[in-house]
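Hi everyone, thanks for making time.

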Amino acid sequence: MEKQSRRNFLKTTAIATAAITGLTTRKTKAQEQKGFLPDKAMGVLVDTTVCIGCRKCEWACKTAHQMPTPPIEEYDNRDVFKKMRRPDYTSYTVVNEYKNSDPDKFPIDVKVQCMHCDQPACVSACIVGAFSKLENGAVVWDESKCIGCRYCMVACPFQIPAFEFHKAFQPKITKCDFCYTRQSEGKLPACVEVCPVEALTFGKREDLIQVAKEKIRLYPKRYINHIYGEFEVGGTSWMYLASEDFTKLSFPKLQREPAPGVSESIQHGIFAYFIPPVALYALLGGVMWLNKNKKTETEEE
Amino acid sequence: MEEYMKPQKIKKKFFTPGVIVISVFAAFGLLVLLARFIFGLGAVTHLSNQYPWGIWIGLDVALGVALAAGGFTTAALGHIMHREKFHVIIRPALLTALLGYTFVALSVATDLGRWYYIWHPLIFWNGNSALFEVGMCVMIYMTVLYIEFLPIVCERFIGRVNLPGILRKLNKPIDRLLQVLDKGLDKTMFIFIIAGVVLSCLHQSSLGTLMIIAGPKMHPLWQTPVLPLLFLLSAISVGFPMVIFESIISSKSFGLKPEMDVLTDLARMVGPILFTYLAFKVGDMVIRKTFVYLYEINTTSVMFTIELIVGVVIPLRMFFSPKIVKSPTGVFIASCLVIFGVFMNRLNNFIVAYNPPYSFQPYFPSIGEILVTLGFISLEVLLYRAAVMIFPIITQPSEGALKTKYAIKGVK
Ligand code: SF4
Ligand code: SF4
Ligand code: SF4
């Protein structure tokens, strides 16, 4: 039952996106060129076939961001995998575990965090521009601007930004910031640095795609032929390799077109250099003037 | 005859049993509101990381903006098309729009996590954001509405400013100020009236752009690139029904006779507008082939069908019937259905259609959220009642004009 509705949902969403994007293919060309300095964009390749679910990355992330965390030993407890978890204000990244369809094999562990989209919906949506995409690919949030409207959460296709609903004063939007302060000091993202099995590879996004393709070519049995994030919503800085179809690992099925594409072109259509509103204003003014004159004329007769 | 009929303050008792019930609702709403500001959004609402927006945005804001559309549609009809006959409904519609938008602003402030930064969009701009556009237009339009209301204030208080005590010294200067304002506004009002209509068209449609960025998270029955147009058309469709609805309610509550000859003419215009809306809605469905989702019976398809049949098709048929548009009960019911249809539409677009990944449990508004919504509506009704008692808004026969068709029932 559960499965059925989920599959239906995915199917319908795929059709919807196809329908919408069909109408705006012209626009997406221009946006492809817009990109964000692809040569400087960094990324992380997550190999879910390597990840052992030790959750050290969760601990490292919290430690690097001065968030409260239990001692590292407690992360060995695998009971947490019984429930699916999502990133929230207590942790910017979580690892979930999925049963392998081949029962003889180990379960599959998937680390989840912000994907740092190339053309992020959150950046496009935010009413005050509190989200921005940095040169190295990181998508970061500016506490001093945010008004807490949560439109970024409505917009994000990966449902990543979380909100401190329990706070009455200065609630934050929380999400992985790609450790951009550590990066600017020349350090690795904390989760990448701590990973004991090198399930996470940090590097230039372009290089990572080559690495991923090479892995798939060398081990066709180990991986399905899909780098998640290479093209999804216009490409993401974080990318994934897996042995199973990504929809089985709770990844949303998304199209290639960047999430903000449609809404931005509509928005800019309605406002194109303020011509439509000004034209409407002039038109209404004219109608008003004509009707007024007609009125006085008939009255004079 | 004209001079016998003019907008006047209503002279009645403010409190009636109905008003007391409404006041109780308002009080409950304010209590929950207090809790929200002390304990945070999480304590009062059922919002979550998967469902960041609930009825405070979907109904209080999005529906509120749509239902305030009577303001700009009647302004367009009365001032821009210069149809003198409709001037009697402009002031009540203006007042409704003014209160409506004021409460939209209050609802936004209630829903914002960092409400004290509500002014940030004025200095931090993001032109790519549909929400930014809505926010700016609503802010400017609200200012325009208050300006449009000023002449009524002038009319009420010029020569009658009478402050008590030491404030008495201010009486003269305030009177002068009002007179200057009145003169200036008289010449420039057309600028604001046109601006009001343009701004309304812009933000009514941009409200439709809001959910488009949610992409595949929004059910395909509603997710379409023509949403801005559909939102604009539905707002225009609900403009006159809202005016009719209020006009009939307030004449009932103040013991006046409904102004049926004006309302009938208004009602005749609703049919074609509703038809245009329906045509676009169905056309879009056919082009995108989304009717396939109606074959499976579930909440979504049922909600969509109710929205379309009860909220559009039935009232459409009613507004096209010559008999119904002449009967107060007929136009009242038909108007209620259109209002219900837009209510369903906004609810569907913002809540039902929104289907995020990883949701642990579906969103349903909490008691607190519902109480705040009801509280805001109640406060609005109370303020409306107070305003028509203070300001000359509602057209009634002046004392001495005995025989008019607007004669007050039971009052001499
Ligand atoms: S995953 Fe979501 S939050 Fe992260 S960059 Fe993309 S849109 Fe923004
Ligand atoms: S909640 Fe903050 S970051 Fe998110 S869209 Fe609103 S203002 Fe921007
Ligand atoms: S990149 Fe940094 S912020 Fe993001 S999950 Fe890893 S440690 Fe946390």
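Let's start with a pair of side chains in chain B: R91(B) forms a salt bridge with E155(B), and their closest N and O atoms are 2.7 Å apart. A salt bridge here is a side-chain nitrogen of Lys or Arg within 4 Å of a carboxyl oxygen of Asp or Glu. The background is that side chains of opposite charge can pair when their charged atoms come close. R91(B) sits in helix 5 (residues 87-111) of chain B and E155(B) in helix 7 (residues 130-157) of chain B, so the pair ties together parts that are 64 residues apart in sequence. When I say helix or strand, I mean DSSP runs numbered from the N terminus: H or I of at least four residues for helices, E of at least two for strands. E155(B) is partly exposed, because its relative accessible area is 35%. The cut-offs for that are: buried is under 20% relative accessible area, exposed is over 50%, and partly exposed is in between, using a 1.4 Å probe and protein chains only.

Before going on, some housekeeping. This is a predicted model, where local features need pLDDT of at least 70 and side-chain atom pairs count only at pLDDT 80 or more, while totals for chains, interfaces and linings use all residues. Residues are numbered from 1 along each chain as its sequence is written, chains are lettered from A and ligands numbered from 1 in the order in which they are written, and side-chain values use heavy atoms, with hydrogens and water left out.

How many does the rule count over all chains? The count comes to 20. One of them joins D109(A) and R78(A), at 3.8 Å, N to O. D109(A) is in strand 3 (residues 108-112) of chain A, and R78(A) is in the loop between helix 3 (56-64) and strand 2 (94-98) of chain A, so this pair links parts that are 31 residues apart in sequence. D109(A) counts as buried, because its relative accessibility is 3%. R78(A), at 40%, counts as partly exposed.

Another pair is E244(A) with K248(A), 3.9 Å from N to O. Which partner is buried and which is exposed? E244(A) is the buried one, with a relative accessible area of 7%, and K248(A) is exposed, at 54%.

Now, where the chains meet. 72 residues of chain A are in contact with 64 residues of chain B, contact meaning heavy atoms within 4.5 Å. The size of an interface is often given as the accessible area lost when the parts come together. Between chain A and chain B the buried area is about 6100 Å², and carbon and sulfur atoms give 65% of that. Buried area is the accessible area (1.4 Å probe) that two parts lose on being put together, summed over both. Y151(A), F165(A) and M288(A) supply 12% of the area that chain A buries against chain B, more than any other three residues.

The rule finds two salt bridges across this interface. R150(A) and D111(B) meet in a salt bridge at 2.8 Å, N to O. On the chain A side, several elements give two or more residues, among them helix 1 (2-22), helix 9 (261-271) and helix 10 (275-300) of chain A. Helix 10 of chain A gives the most, with ten residues.

One residue to look at is K172(A), in the loop between strand 6 and strand 7 (173-174) of chain A. K172(A) is partly exposed, with a relative accessible area of 30%. Leaving aside neighbours within four places in sequence, the contacts of K172(A) include W141(A), E143(A) and R114(B).

Last stop, the ligands. Ligand 1 is surrounded by 13 residues, and the closest are C114(A), M115(A), C117(A), C122(A) and C156(A). For this, a residue is near a molecule or strand if one of its heavy atoms lies within 4 Å of it. That shell divides into eleven nonpolar, one polar and one charged. Here Ala, Val, Leu, Ile, Met, Phe, Trp, Tyr, Cys and Pro count as nonpolar, Asp, Glu, Lys and Arg as charged, and the others, Gly among them, as polar. Around ligand 3 we find residues including C61(A), H65(A), K111(A), D177(A) and W238(A). The ligand 3 shell has eight nonpolar, two polar and two charged residues.
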